[in-house]
Amino acid sequence: NESHKTASGIEYAVDDPNNAKWVNPLGSFILNCNAIRYLSVYWIIRLTGTQPQEIPRIAFTDLVEQIQRFISESRVSEQLRDECLAAWRQALDLDELREMLAGCTTQPDGLLPVDSWERGAGPLIGDVKKIVEMNDKAVEVAKTLGRLLDSVLAILATTIETPPESPRAAE
């Protein structure tokens, strides 16, 4: 914990103990959203037979679009297709929140998304319980995506070899 005041009058703290309540919930949420991001790569590998080294570095939204296109064109049932598409839409929403939260700074009354700052103010996230709830949602979506992939593969009878490491969402 270090407090600093610059000659220009800016005061800031590094590892301020007042911020401790945000650290674990934010870290868990970000890591679980990253597990979902990795699941998109895993889905591409399993659905298409693409090898990990063949997947270019592309945006998460592009990977999800590929998955959604594959599922929409596959022979899975309408119900399973709708469940897959809905789960990936939730994943995109969670990732958008992850990105916003990763860009927050702490204020006495909560987290301030720096990108939303306008004229010296912005929306504050003051309730750490909301972050915990969103983390629970991220874990739920990760588990759902795992279950859905199993269902899709069972229907498609895909026999693509499993990569050595599969993603896991921390709980």
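Is Glu140 buried, partly exposed or exposed, at 45% relative accessibility? Glu140 counts as partly exposed, because its relative accessibility is 45% and the term covers the range between buried (under 20% relative accessible area) and exposed (over 50%), with a 1.4 Å probe and protein chains only.

The model is predicted: local features need pLDDT of at least 70, and side-chain atom pairs count only at pLDDT 80 or more, whereas totals for chains, interfaces and linings use all residues. Residues are numbered from 1 along each chain as its sequence is written, and side-chain values use heavy atoms, with hydrogens and water left out.

Helices are DSSP runs (H or I, at least four residues), numbered from the N terminus. Helix H1 (residues 20–48) packs against helix H4 (residues 128–156) at an angle of about 15°, and their axes are 9 Å apart. Such axes are lines fitted to C-alpha atoms over the stretch in contact, and angles run from 0 to 180 degrees between N-to-C directions. H1 is therefore roughly parallel to H4, a term for angles under 35 degrees. In the contact of H1 with H4, 24 residues are nonpolar, 3 are polar and 2 are charged. Here Ala, Val, Leu, Ile, Met, Phe, Trp, Tyr, Cys and Pro count as nonpolar, Asp, Glu, Lys and Arg as charged, and the others, Gly among them, as polar.

Side chains of opposite charge can pair when their charged atoms come close. A salt bridge is a side-chain nitrogen of Lys or Arg within 4 Å of a carboxyl oxygen of Asp or Glu, and by this rule the count comes to 5. One of them joins Lys137 to Glu140, with the closest N and O atoms 3.4 Å apart. Because Lys137 and Glu140 lie 3 residues apart in helix H4, about one helical turn separates them. Lys137, at 26% relative accessibility, counts as partly exposed.

Glu83 and Arg147 form another salt bridge, in which the closest N and O atoms are 3.7 Å apart. This pair links distant parts of the chain, since Glu83 belongs to helix H3 (residues 78–102) and Arg147 to helix H4, 64 residues apart. Glu83 is partly exposed at 29% relative accessibility, and Arg147 is partly exposed at 43%.

Within helix H3, Asp95 and Arg98 are 3 residues apart, which means that about one helical turn separates them. Their side chains meet in a salt bridge of 2.7 Å, N to O, and both residues are buried. Asp95 and Arg98 also belong, with Arg37, to a network of salt bridges.

Technical notes
Helix = DSSP H or I, 4+ residues; strand = E, 2+ residues; numbered from the N terminus. Parallel < 35°, antiparallel > 145°, perpendicular 65-115°, else oblique.
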